[in-house]
Every structure is written in structure tokens, then in C-alpha cells.
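Here are a few friendly notes to read alongside the model. I start with the pockets and then move to the barrel, a helix pair and the cavity.

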Amino acid sequence: MPETRRPYIAANWKMNKTIFEAEAFLDGLLGRLGDGETEPEVVVCPSYLSLVWVVAKCADSPVRVAAQNMHEEPSGAFTGEISAAMLVDVRADAVLLGHSERRALFGETDEALARKVPVALEAGLEPILCVGESEAERDADETEAVLSRQLEADLAEVAGADLHRIVIAYEPVWAIGTGRTASPEQAQDACRFIRGVVSQRDAEAAARVRILYGGSVKPGNAAELLALPDIDGALVGGASLEVEDFAAIVEAAPR
Ligand code: PGA
């Protein structure tokens with residue numbers, strides 16, 4: 001793995017953890033992490049309501065903080081939404097965009113993502129863009145077509161030279177929350193394919209962009225997945241809710 005691709009392990013807490021629970025988790029995690037220099041990059045994605053507290057708790061620690069979504073408009077009549085400026089205001093570092101649950105359950109579109117990704121970058125937030133195929137799409141041999149379509153649409157407005165500033169999470173929908181992990185070969189093939197799509201835009205960005213695998217990552221399978229050449233990290237849902245499991249995944253990352 002090139003030196004520039006520092007391993008990246010992110011905890012997607014989804015709609016879990018009160019502020020109190022988030023703080024208890026971080027007390028445990030921060031006690032387990034090293035000095036941050038040689039560690040993988042560690043990111044937690046709490047609910048909006050605990051963002052401020054989690055940012056404060058992680059100050060002076062190597063842990064960075066991401067929101068789980070944001071709106072593409074700077075402000076306006078969008079009841080229930082959060083802007084990039086609001087995330088910057090609370091000192092969030094990053095933002096998950098296009099998670100499959102947002103796409104499937106809340107109508108997230110590639111058109112909106114094409115705006116969200118550059119808006120996040122311009123605001124100084126690191127976008128963690130999620131892409132991945134459904135089970136039916138994989139069965140129909142459409143995985144690569146789906147990944148191309150999502151990446152081309154969602155990254156259309158980002159200059160090639162800026163693509164390395166995005167973190168891309170490959171999350172096959174059929175592996176999320178199901179206990180079914182993609183095989184190492186399936187995960188590596190898809191992540192290599194994603195790097196190839198980025199490379200068509202900018203070869204240097206492709207060599208630098210971090211590509212994560214997500215979908216039932218757990219302590220027992222993390223080391224094998226994280227050792228694969230095109231997998232630079234993990235986006236972890238269920239197994240990020242317990243400190244012991246998440247810390248074990250962080251420790252499984254190559255360093
Ligand atoms: P999972 O979720 O680890 O529970 O499969 C991953 C994700 O949705 O990011």
C-alpha cells in the first residue's frame with residue numbers, strides 16, 4: 001500500500017447511541033488508541049444530535065468526526081435538513097454521503113449526490129461517498145455497471161485532481177447488516193474496479209484515493225479484508241457499536 005494511503009477505519013453508528021452512550025464508547029476507545037501517528041485514521045459518525053459532544057470529546061485525540069448526511073443547499077426551506085456550513089460550524093471533519101440506507105429508504109439520488117460531494121469539499125469537509133450494488137444487481141452481473149454509474153454521476157462535478165480528497169466506501173447492499181460479508185475476492189475486485197474508474201479521470205488521484213470496504217465487517221474478518229491491495233479501510237456499522245469489537249477492527253488494520 002503506498003505510504004500516502006493511510007488506513008481509514010470509520011464507525012457508522014446510524015440511529016444508535018445517545019450522547020451519554022457515545023461518550024462512554026469514546027472513553028473506552030480513546031483509552032485503547034495509541035498516539036495517532038502510526039495508527040490508522042479513525043473516524044466516528046454519530047447522530048447529528050451528539051455531534052457537538054463527540055467533537056468536544058475527540059478534541060486533542062486522533063479520532064475524527066463525521067456526520068451521516070447533509071443537504072446540498074447552503075440554507076433555506078428544507079425542514080429537517082442540515083447544511084455543510086452547519087457541520088463546519090460544529091467542527092465536524094467529514095460527512096458520509098450516499099449511504100445505501102439513505103438511497104433506499106430516504107430517496108437519496110445521484111443527482112443530489114453530484115451536488116453534495118463538491119459542496120462538502122468546498123466547505124472543507126471530507127466526503128465519504130458510499131456506493132454499492134444490490135443483491136439483484138450482483139446476481140444479474142451488473143455490479144461494475146452500477147458502480148460506474150454511481151461514481152460517474154456522484155463525482156461528475158469534482159475536478160479529477162481533487163478526487164483523492166474523497167474517501168470512497170464500497171458497500172454491497174446485500175452485505176450491510178446481514179452478517180453476509182463479501183468474499184475477499186469480491187471485495188478486492190470491486191475496490192480495484194472503483195480505483196480503475198477513478199483512474200480514468202486522474203491516475204494520480206486513483207493512486208491516492210482511499211477506498212473502504214463496508215458490509216458486515218467484524219473482528220473476525222477485518223484483518224483479511226484490510227490486507228487486500230485495493231482496500232484501504234473499513235466502514236463499520238453493527239460491529240462499531242461495541243468498543244471492544246471496533247477497537248479490534250482498528251487494531252487489525254495494517255500499519
Ligand atoms: P454493517 O453496516 O457493518 O452493519 O454491515 C455497514 C454500513 O452500513 O456502513
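1. By class, six nonpolar, eight polar and five charged residues line the largest pocket (Ala, Val, Leu, Ile, Met, Phe, Trp, Tyr, Cys and Pro count as nonpolar, Asp, Glu, Lys and Arg as charged, and the others, Gly among them, as polar). This is a predicted model, in which local features need pLDDT of at least 70 and side-chain atom pairs count only at pLDDT 80 or more, while totals for chains, interfaces and linings use all residues. Residues are numbered from 1 along each chain as its sequence is written, and side-chain values use heavy atoms, with hydrogens and water left out.

2. Which residues lie nearest the centre of the largest pocket? They are Lys14, Met15, Tyr48, Gln68 and Arg102, out of a lining of 19 residues. On a 1 Å grid over the protein atoms alone, a pocket is an open set of points with protein on both sides within 12 Å along at least five of seven lines, a cavity is a set where a 1.4 Å probe fits but cannot get out, and lining residues have an atom within 4 Å of a point. The volume of the largest pocket is about 540 Å³, taken as the space filled by probe spheres set on the points, with grid points joined across faces, edges and corners. Helices H2 (48–58) and H4 (100–105) each supply at least two residues of this lining; helices (H or I, at least four residues) and strands (E, at least two) are DSSP runs, numbered from the N terminus.

3. The second largest pocket holds about 220 Å³ of space. Gly177, Ser216, Val217, Gly237 and Gly238 lie nearest its centre, among 18 lining residues. Its lining has five nonpolar, 10 polar and three charged residues.

4. Eight strands close into a barrel with parallel pairing, in the order S1-S2-S3-S4-S5-S6-S7-S8 (two strands pair if DSSP finds at least two bridges between them). Strand S1 (residues 8–12) pairs with S2 (residues 41–45) over five bridges, and Ala10 has Val43 in S2 as its bridge partner.

5. How many cavities of 30 Å³ or more are there? The count comes to one, with a volume of about 40 Å³ for the largest cavity. H4 and strand S5 (126–131) are the elements that give two or more residues to its lining. Residues lining the largest cavity include His99, Arg103, Cys130, Gln150 and Glu171, and by class the lining has three nonpolar, five polar and two charged residues.
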